[in-house]
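I opened this notebook to record what I looked up about packing. The entries follow the coordinates.

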Amino acid sequence: MDTETMAAETRAKRPIRWHVGVFLAPAVLVYTAFMILPLFGTLQLSLFRNIEQSQVFVGFGNFRTLFGDPNWSVNFWNALRNNVWFFIIHMLVQNPIGILLAALLSSPRLRFTAFYRTAIFVPTILSFVIVGFAWKLILSPIWGVAPHLMDFVGLKSFFTPWLGKEQYALTALSLVSVWQFVGIPMMLIYAALLSIPDEVIEAAECDGVTGMAQFWKIKLPLILPSIGIISILTFVGNFNAFDLIYTAQGALAGPNYSTDILGTFLYRAFFGFQLQVGDPNMGAAIATIMFLIILAGVCVYLFLVQTRLRRYQF
Amino acid sequence: MKTKLLTALLLGTSIFGTTGMALAEDVTLNIESWRGDDLTIWKDKLIPAFEAKNPGIKVVFAPSAPTEYDAALGAKLAAGSAGDLITCRPFDKSLELFKKGNLADLTTLPGMENFSPVAKSAWQTDDGKSSFCVPMASVIHGFIYNKDAFDKLGLKVPTTRDEFFAVLDKIKADGTYIPMAMGTKDLWEAATMGYQNIGPNYWKGEEGRAALIKGEQKLTDKDWVAPYEELAKWKPYLGDGFEAQTYPDSQNLFTLGRAAIYPAGSWEIGLFNTQAQFKMGAFPPPVEKAGDTCYISDHTDIGMGLNAASKHSEEAKKFLSWVASPDFATIYANALPGFFSLNSSPVKMEDPLAQEFVSWRGKCKSTIRSTYQILSRGTPNLENETWVESANVINGTDTPEAAAKKLQDGLDSWYKPAK
């Protein structure tokens, strides 16, 4: 009897909190319907093959084709290699420049901070299509401003039709992408720099750590978690990239597949292109591999990097 | 027997019935198409011409965007909401629809006898036994040139390859014009306006194409490598930075009068007529020696089929028979200069440039693009690879032999010609 009353009391004290479920429901339902179910749908699709107009279960057959058949594997490894290069350029150029810009912006002596901040961030909110076409025009050897501007400063001899040359096209496009997205690391780092407590800075100044030394020894360690977040965002973004290459170079990612990344490779396989009929099953297999690559990258970050970063947090 | 009698009775009532009743029973046919550009032509010219002769049938032309057409059509067919008449892409895309049962068999449609076997080949089963789309139009490849520039430099229209390169040399030496407006950025220009344009003269049109499908010839044979060797020679005559020159760039270079020769498809005629401020002429791909038989790519590009699930298939067939008639061909070919009717009866056209193109049908032998029928079914896709390799050859990153070998190896990996 006692226990019953107690139970009743606790029930009365802690009623079922319906509102939690109600508030979570929209997000959970939408996310499940549009992200989780399609994800499993893709995984399932990759295990089937269309034979004589019907879907037949083939286990890992599509993956064996993808890695074993040179007609697929050569293209796959090429796309993966290009994608890694695309990522490396972002890590080496976009993120350091983003940090540098943030450091400059947070300097109290700089004027027109708001203007620079907005100007640098604006390309990020532009559509890929606009960025792709704008840069295609800028770099066009026929109508572009790039050859004229370079002529102006006597560098005309260094101009080549970058987007049309196998050895430069991917790097050029990576830099265009860097130009577009440099605002994101800048903003995140800028916010992190502003959130460093003044006491820490003052203490450093008392100890005689100022200027560059202060940035390297005090501020940089404190913004490392943000840099980690940026790295993982860049990683996910780059291995999902597609739009810029598609708008600038088309689905065949020319010249000679030199700008082909996993996204464009997936697009051609899944939807087909021109006379190539789409193969949703092979496309799903490629999408699955992309998912696993991204998953692996995120796991490395979560379990190896983030756990070590924690000790720097306040 | 019974149904026939019933139809006869029904027909009788519709003929003798009041006009008001006939109007109330109007049948509406919807046309699915990717040719949004042609909307006004259909609305103002073609459909009124048909409706005037066939009271009681209304036709609606409902195009979607070219890049979305195939996907949208597939979804609509699956959902059962597709139009009665379906504009057909050539070869495998339509063949697949026929095999799935989305397109009706039109082999016995009245009017099909107006087309040659080559014209019908794009919409037939591989054995050629059943046809499923009425051929509407083809496009012809050749070279369009700036007549004013040729007059100014005192150049004669080339007929042989040596003359062709001599003309290019002269234009280059003069320096006023870019000899040839073509870029390799978009890849397909190099393949379609380059390789498929000059190629038929080397592989002897249909003869070589059929031999390739049968496996008697290979892409590494002399006749198939030679067009690449010629393409490689084009490089010095293209504009500065042609590697990054896109298709619209090439069109603009030519219509602005900055380039003298444009390797073309006849579909350009309509646009060039409105944009170019100078006189234009055209010549077919030059042959090796004067007097050689010439071959042209007269590529079947667009047709129209019947949705197998259509509720008004009788009326739709009536419309398709009209599409197969010379009446339709005349209106269509004149409204869209550069899209040539495939009808066997000759069509009178007003546009001089279009006339020039179509006149080649009389003196040259027609063929279609070599990669389109059967050979682009597998992975790697021969057509796409041809784009890439044609651009590589012109860019100089692949030798003609290496390019041909890559293409043949790719084809060999999945294509086993029927013995």
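**Packing notes**

I began with B:Phe319, which, leaving aside its neighbours within four places in sequence, is in contact (C-beta atoms, placed from the backbone, within 7 Å) with B:Leu29, B:Phe50, B:Ile57, B:Val59 and B:Leu85.

I noted the conventions: this is a predicted model, in which local features need pLDDT of at least 70, side-chain atom pairs count only at pLDDT 80 or more, and totals for chains, interfaces and linings use all residues. Residues are numbered from 1 along each chain as its sequence is written, while chains are lettered from A and ligands numbered from 1 in the order in which they are written.

I next looked up the nonpolar cores, defined as sets of buried Ala, Val, Leu, Ile, Met, Phe, Trp, Tyr and Cys residues joined through C-beta atoms within 7 Å. Buried means that 20 or more other C-beta atoms, placed from the backbone, lie within 10 Å of the residue's own. The largest core has 150 residues, and B:Phe319 and A:Ile286 are among those with the most contacts inside it. Strand β4 (residues 133-146) of chain B gives this core its largest share, nine residues; I took strands as DSSP runs of E, at least two residues, and helices as runs of H or I, at least four, numbered from the N terminus. Domain 1 (2-136 + 300-348) and domain 2 (140-298 + 367-412) of chain B, with bounds from an automatic or database domain assignment, both contribute residues, so the core lies between them.

I then turned to helix α8(B), where B:Phe164, B:Val167, B:Leu168 and B:Ile171 are buried. The buried residues of α8(B) pack against β5 (178-180) and β6 (259-265) of chain B. Just after α8(B), I found B:Gly175 with a positive phi of about 90 degrees.

Definitions and conventions
A residue is buried if 20 or more other C-beta atoms lie within 10 Å of its own, exposed if 12 or fewer, and partly exposed in between; C-beta atoms are placed from the backbone. Two residues are in contact if their C-beta atoms, placed from the backbone, lie within 7 Å.
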